[in-house]
Amino acid sequence: MTDADLIARVLAREDQNAFAELVRRYQSPVRAFLARMTRGDTHLADDLAQETFVKAWRKLHTYRGGARFSTWLFGIAVNEFRTVARQRKELALEEVGEVAPEENRPAADSRSQLRLDLTEALKRLHSGERAAVVLCCQNGLTHEEAAQVLDCPLGTVKTNVLRGKEKLKRWLFGYQDYEPA
Amino acid sequence: MNQPEKADPVETMLREQNQYVNDEGFTARVMAGLPRRRSRAWVRPAVLLGAAAIGSVLAARWLAWGNLPPLDLSALVSLDFQALTPTPDLTSALMPWMTMLAVAASIVWAAVAAVQWDD
């Protein structure tokens, strides 16, 4: 059953099973995105993700179907994150800072080490860059979709993706010859 | 001939490290916390507009619209309140007009609120 079918069922008869299927489909990308945005605070990320889906349930009648459902959901998730970030200083902290490549040079032979290093490197990014990189490079959104989600100009998204990737490249210097598994 | 473009290692890394997050009861928690959805979003603005319409009809029925005191608009513009109406009591002269203005404002407010309604 497509997302559109499920959404139609929810709207027509408040079908909770249909909505549960939508939650099951999108819980992983939404929770993973929010975990990145909260710099690894998975409890907070899950709280925000739960609130995201509750809001989606309440406002589903406003979803027009012009964008992908996931794009619409990410938009709600970003708003939830921004609301909390305004109240929590540690989330509002911007870029943590540059790290000298020597300090951060990893043992490039280990994939689990790569995961750790990538997670740490993402945490160091400016939140705008992190959001743009995670949405576009990890979740496959187009720049236009990311601009819609982040409610910012297309040029800002492109710049943030470019800058974010440049920083990651610098910080993950040891993986420059990385080959896919 | 162009060489095939090498994949950006950072993008490859990001895609590969994007792991699936197991549900582990998340969906059940969301479903348990769902409020009743306002699926009929048009009901509340419709009630608001209906109430404004009924109020207007009642106001039209019970207020003495036919007996509105004449207003001398040139006096209004020149702020000569004494010459505004032939009635010596300014309050009783302006009250029907003020009431009519309030009813009109209520209808406009209700219409705007109904159009912009978003729960």
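In chain A, residues Leu48(A), Ala49(A), Glu51(A), Thr52(A), Lys55(A) and Ala56(A) of H3(A) meet Leu73(A), Ile76(A), Ala77(A), Glu80(A), Phe81(A) and Val84(A) of H4(A). Here two residues are in contact if their C-beta atoms, placed from the backbone, lie within 7 Å. Helices (H or I, at least four residues) and strands (E, at least two) are DSSP runs, numbered from the N terminus. This is a predicted model, in which local features need pLDDT of at least 70, side-chain atom pairs count only at pLDDT 80 or more, and totals for chains, interfaces and linings use all residues. Residues are numbered from 1 along each chain as its sequence is written, while chains are lettered from A and ligands numbered from 1 in the order in which they are written.

**H3(A) against H4(A)**

- The axes of H3(A) and H4(A) (residues 69–87) come within 9 Å and cross at roughly 125°.
- That angle makes H3(A) oblique to H4(A), as angles under 35 degrees count as roughly parallel, over 145 as roughly antiparallel, 65 to 115 as roughly perpendicular and the rest as oblique.
- Axes are lines fitted to C-alpha atoms, for helices over the stretch in contact, and angles run from 0 to 180 degrees between N-to-C directions.

**H4(A) itself**

- The 19 residues of H4(A) should span 27 Å at 1.5 Å a residue, which agrees with end C-alpha atoms 28 Å apart; the expected span is 1.5 Å times one less than the number of residues.
- Buried residues of H4(A) include Trp72(A), Leu73(A), Phe74(A) and Phe81(A) (buried: 20 or more other C-beta atoms within 10 Å of the residue's own, with C-beta atoms placed from the backbone).
- The buried residues of H4(A) pack against H2, H3, H8 and H9 (143–150) of chain A.

**Chain A with chain B**

- The contact takes 30 residues from chain A and 24 residues from chain B.
- On the side of chain A that touches chain B, H2(A) gives the most, with eight residues.
- By class, that side of chain A has 15 nonpolar, seven polar and eight charged residues.

**Chain B**

- Chain B has five helices and zero strands.
- Of the 119 residues in chain B, 7% are buried.
- Among contacts in chain B with a separation of 6 or more, 64% are between residues 24 or more positions apart.

Key
Ala, Val, Leu, Ile, Met, Phe, Trp, Tyr, Cys and Pro count as nonpolar, Asp, Glu, Lys and Arg as charged, and the others, Gly among them, as polar. A residue is buried if 20 or more other C-beta atoms lie within 10 Å of its own, exposed if 12 or fewer, and partly exposed in between; C-beta atoms are placed from the backbone.
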